[in-house]
Amino acid sequence: MTEEIQYIGEHLIFGKVGYFVILLGFVSALFSCISYFFATNKEGTSEFQSWKRLGRIGFTLHGVSIYTTIFLTFYIMIQKYYEYSYVFEHVSDDLPFKYIFSAFWEGQEGSFMLWMFWHIFLGAIILIKGGKWEAPVLSVLMAIEVFINSMILGIHIGTYKIGANPLALFRDTAAIPLFNNEDYITQLAQFADGLNPLLQNYWMTIHPPTLFLGFASTAIPFAFAIAGLWRKDHKASLRPMLRWGLFSGAILGTGILMGGAWAYEALSFGGYWAWDPVENTSLVPWLLVVAGIHTNLIAKATGYSIKSTYLFYILTFIMILYSTTLTRSGVLGDTSVHAFTEMGLENQLLLFIIFFTLLSIVFMVTGGKSVPAPEKEETIFSKEFWMFMGSMVLLFSGILITFTTSIPVYNKIAEVFGYDLGLTTPLEPIEHYNKYQVWIAIFIGLFSAFSQFLRYREFNWKGHSKKFAIHAAISMLIAGILTYVTALWINVGIWQYYLMLFFAMFTIIANIDMITFFGKVKGMNISSFTAHAGFGIMIIGIMASGLNKQYISTNPFAQRGLIPEDMINQNVILFESDPMFINGYQVTYEGDSIVDNTRYFKVNYQRIDKMGNRYESFDLYPNALYNAKFTKVASFNPSTQHYLDRDIFSHIAGLPPGEADIEDAKAKEDSLKYYSYSSLLNTPIEILDTVRVTEFGFDTTVVKKFLVSIEGINKSPVHHEYKPEMGDLALGLKLKVDYPADSTSYTAEPVIVLRGSLLFNYAAQINDLALKFKLNEKTLDAIFIPEAELAYQTMDLKVGDEFNFNGYKINFSNFEKDPVHSGYVKEEGDIAVAAVLNVNDTEGNNYSAQPIYLIRGNRPFVLKDEVSEVGLHFQFVKIDPATGTVTLNIAQHTQQSAIPFLMAANSYRDDYIVLEAIVFPGINFFWLGTIMMMAGLFIGMFRSIRDKVT
Amino acid sequence: MKKFHIIGIVMILVAIAALFMASEDIATYSTFAEAVKVNGKIKVAGQLVMEKEMYYDPEKDPNYFTFHIKDMEGTEKKVILYGSKPQDFEMSEQIVLTGKMSGDDFVATDMLTKCPSKYKEEEMFLKESEI
């Protein structure tokens, strides 16, 4: 008997429309792909126009469908319809609106939609501007869209699921008991995952769209390459391919760099590049597209390397698919720290890459024969030769990186055949990659320098060779000098690095020479200069910041003989307000503050010269981001001091256990043994604590003696965790603790608050003595006497009246219309007045009390005040507005019984941070160099768009 | 033969040599039993032994953390990491360590922990809570 449950409050229309448009998007992409296919094949016939029209209709339908899907997904996320699983997984009630975009592309479905979004956008440009290329290019692009769209289909064929629908209902994707409730939606919000706190960052808003535009852009030169082979119009395909190749290189490169900047600026990775598989697989397509741009330039200038150009653009796209497969299939789980979670799309992804690999092979084989062959052998003293070599070096680099990154893939393949290889990434991955890539950098430096002095299709080498030799020799000389100077600044290390540094310098100088003396400041020269000089500068930046990064946070005193040589202490412990001298810096943890869910730790850095003068001082605020419920640290985020020549990067490597996780805090608190003590005011009691000492080979006990006295009772106490509310009964004990062994003295003020029927306890800690104090209800009972037990005397007074009470001289000085009272929080419409009373005792002490008479909502309230030092209680019970006479109740109660409190010894310190601080010298060379490379690509792109002639 | 072809062949040879050399760096997962025999760095994958003591007291030394790992063969060893204790360490499903044996302890120079995703945790919670 299965009865259909009628759920309450669901918004089913979005899912239904979504399901339809996703399917429509898929079908129309397929339709458009086929129509454009026939249009291409029927080019020049009468059928061409009608096929093209159909292709355009399909494209438009597909675009509208996907954009509608994206809109719907956004809508349900903004509205927080948790009945949809994508909303449940990526949004929560406390997620700020500004992170909705980030939440949208946090999941695989969202990022597939983002990818398609850009394909459609770029496709529309081709549709309008593509001319004769429209049909073949869009046919290929729509074929790609068919595959990506299938990833979000979410339809079942038998038991096999195709794609994951972002608009699927939660109750359709999971079977949990909650769905037996007809009003389950009301309970879902509390469990919603929200956006991973690590990703709640503005970088997450800009990095993925840029990277995915980069990913999407590689499809265009790819589609042009296929189109060129298809239409066998090789000469004409070069121009649009070059533009789009440059566009792709610039955007993809920028996207990758943003990832690096994110990792460096906002995550605690301690660097901008870690050779992580996810990083590597996006770098490889970039290397290939840059190789393609170079062969494309050669092809445009000389007619050589057209086939290589096709091949590079095809490989670029295939590697994008490979990257997608690797990062989204869960294969990298063991080797990467930031891959997507597995979603069961492996087979679809595999099919995606296999289809386009086979398609490319078919077109290369069939269309490749028609590519014009070079008529004449190239000379090695030509520009194109060295540019081509440079492209080959980039290909090498890509092959080597892919080879190591693919290790988990070898395991997977072996697994299919029943073997267990158990291979894993190199023991020293960074050294492994650097070892090979240093040679790549050396050759890129060499070739990008030499080729600047050479000419395309050199036919008069004899006439040119002298000029070449002079320019090359002078550039090398200057590069040599600069290398020497740089080696004085940074520690270069092994000879390979010297070579790399030299060639980086060489390419910078050669490129400056090229643009100022050798060549002309025009067109592609500007692009080439910017990009290649940028490359050289980037290499210098990498060497300075990567090879020469220096840990400030090593503590030379904590060195243990056991530490392996290749491990240095990376963290240092800092106690609050306790300066530490480390590696030339005086570092002080000065305190913390909380803004929203982030706790900022103020750390001051100072440098002091030999004369004792402070010549550098700055504050950094590394922080801990807590989860929404504030129970646990979600991530530690760095803070960096930027200088022109170096950065000082720091982040929290650890907090006292109780500060990072509320459960740890509870466990620690439970492990403490509190004992109850009591004493009269100002009467010290002696407390002994037996401590077991097992350090330095001893195992003995030490008895510590403390003198504790209650110095006062505070009825409007302050505690950093306590936020006073109206009606609170709060109590603080001012404690003084003497530790005669060190002749030190400390104070602490534990607080207890009675709010309604709930007790709140705020402990106080003396970190240096490892003592913790708490109060309990007995403390309250001992101090607060019920009002009924107070023998109030009633008195009528006017302003200026003075009287004697139990030996105290009390003066009613005036009214206060805007009273301040620990138990009073002002509200709109209150009529409150306080009687200001000055109390003088015989010893000449002055006290003041302000009992309040309050009318709130036509009801009178009496807020009593007291002078706790002498135990005087005042109530302001009545006022006669006509005469100005007030009625006061006065009573005295002196504290005579002992006041109980709780104390635990061996408490855990909570006043320190574990800090990691690193100096990155010359890191701005890295940013400058990489930005120049991207700028060079952009300049090239604009240049080639303007360039209508060639 | 064209100069181009010679250079092409040379490049292919260099590529093969480089790949061959690179493949030397590829590591395999070892066990503690192998680590005892090998006098050098290895990689061990295993699971955290929750019952055994985990020691990290930053007040004494912020760069000293010890715990116990059970490798794929079920051998348990104490692991010393000269660094701070990572966030959510207790929740890790699998731990991959790089390092070598020192006496009876394994000294790790690098550690990669694999944590279950947050989503799984919530899902488990929903399933168990039976609300």
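A residue counts as buried when its relative accessible area is under 20%. In this predicted model, Asn296(A) has 0% relative accessibility and therefore counts as buried.

**Surroundings of Asn296(A)**

Asn296(A) belongs to helix α12 (residues 277-302) of chain A. Apart from residues up to four places away in sequence, Asn296(A) touches Leu238(A), Met241(A), Leu242(A), Thr309(A) and Tyr313(A). With Tyr313(A), the side chain of Asn296(A) also forms a polar contact. Two distances that involve Asn296(A) are listed below.

| Pair | Kind of distance | Value |
|---|---|---|
| Asn296(A) and Tyr313(A) | polar contact between side chains | 2.9 Å |
| Asn296(A) and Gly245(A) | C-alpha to C-alpha | 8.7 Å |

Along the sequence, Asn296(A) and Gly245(A) are 51 residues apart.

**Nonpolar cores**

The largest nonpolar core holds 201 residues, and the members that touch the most others are Trp115(A), Ile144(A), Trp286(A), Phe352(A) and Phe356(A). Helix α11 (residues 234-266) of chain A contributes the most to this core, with 16 residues. Because domain 1 (1-195) and domain 2 (527-668 + 909-950) of chain A both supply residues to this core, the core lies between them. Beyond its neighbours within four places in sequence, Phe352(A) is in contact with several residues, among them Trp115(A), Ile144(A) and Leu321(A). A second, separate core has 27 residues, including Ile685(A) and Ala764(A).

**Helix α17**

Helix α17 (residues 429-450) of chain A consists of 22 residues. From first C-alpha to last, helix α17 of chain A reaches 32 Å, close to the 32 Å expected at 1.5 Å a residue. A kink of about 30° in α17(A) is centred on Lys435(A).

Terms used:
Residues are numbered from 1 along each chain as its sequence is written. Chains are lettered from A and ligands numbered from 1 in the order in which they are written. This is a predicted model: local features need pLDDT of at least 70, side-chain atom pairs count only at pLDDT 80 or more; totals for chains, interfaces and linings use all residues. Side-chain values use heavy atoms; hydrogens and water are left out. Helices (H or I, at least four residues) and strands (E, at least two) are DSSP runs, numbered from the N terminus. Buried means under 20% relative accessible area, exposed over 50%, partly exposed in between (1.4 Å probe, protein chains only). Contact means heavy atoms within 4.5 Å. A polar contact is a pair of N or O atoms within 3.5 Å; within protein, one must be able to donate a hydrogen and the other to accept it, and residues adjacent in sequence count only if both atoms are side-chain atoms. The expected span of a helix is 1.5 Å times one less than its number of residues. The bend at a residue is the angle between axes fitted to the seven residues ending there and the seven starting there. A nonpolar core is a set of buried Ala, Val, Leu, Ile, Met, Phe, Trp, Tyr and Cys residues joined through side-chain atoms within 4.5 Å. Domain bounds come from an automatic or database domain assignment.
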